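Open the structure in your viewer and keep the selection tool at hand. The tour goes from one stop to the next.

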Amino acid sequence: MNKALISLGSNLGDSIATLKSAIALLKATPGIKVDKISSFYKTPPVGGVIQDDFINACALLCVAFNAHDLMQTLLDIEKEFKRERIIRWGPRTLDLDLIDFNGEISNDSFITLPHPRAYQRAFVLVPANEIAPDLLLGGKYSIQHYLKNLSENDIKGITKLNYAQ
């Protein structure tokens, strides 16, 4: 089985319900075992587009297929939630990003691994640190290492949500 770290995010509609439904769909997908799920976090948007805050989380998966097939599965799940790619870094019903896959490095036309901006994004690193602080992104540095290198300003505004998953 292959190990993957994904991030989940939403800021349109009932984002908590959307993330819960997406996790349920991942659990029901043949060839995917959801090992760990972080808490949900309310996070400010990045990228300069004025929009509502996001709800973000991370999940560790064991998958029976390769990174390309997992990426396609994530894109297919996004489509089920009516994800539209209109504005870069804009609002979305569901965003599923493949952050790391077995520590592999890839930069082809379909997938870049590890995710090229994950090490800069508090909305990825904070929930990922909760479930996999020692995971090496691209086999290089740990989630915990990258999180420690973020400024307090990068982490400001991230709020852990308390509810039963």
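A residue is called buried under 20% relative accessible area, exposed over 50%, and partly exposed in between (1.4 Å probe, protein chains only). The model is predicted, so local features need pLDDT of at least 70 and side-chain atom pairs count only at pLDDT 80 or more, while totals for chains, interfaces and linings use all residues. Residues are numbered from 1 along each chain as its sequence is written, and side-chain values use heavy atoms, with hydrogens and water left out.

Select Asn102 first. Asn102 is partly exposed, with a relative accessible area of 37%. It sits in the loop between strand E5 (95-101) and strand E6 (106-107); helices (H or I, at least four residues) and strands (E, at least two) are DSSP runs, numbered from the N terminus. Asn102 is not a glycine, yet its phi is positive, about 55 degrees. Most residues other than glycine have a negative phi, and most peptide bonds are trans.

Next, select Leu113 and Pro114. The peptide bond joining them is cis, with omega about -10 degrees. Pro114 belongs to the loop between strand E7 (112-113) and helix H3 (122-131).

Now go to Leu137, in strand E8 (residues 136-137). Is Leu137 buried or exposed? Leu137 counts as buried because its relative accessibility is 5%. Leaving aside residues up to four places away in sequence, Leu137 touches several residues (heavy atoms within 4.5 Å), among them Pro114, Ile99 and Tyr146. Ile99 is 38 residues away along the chain, but the two C-alpha atoms are separated by 7.8 Å.
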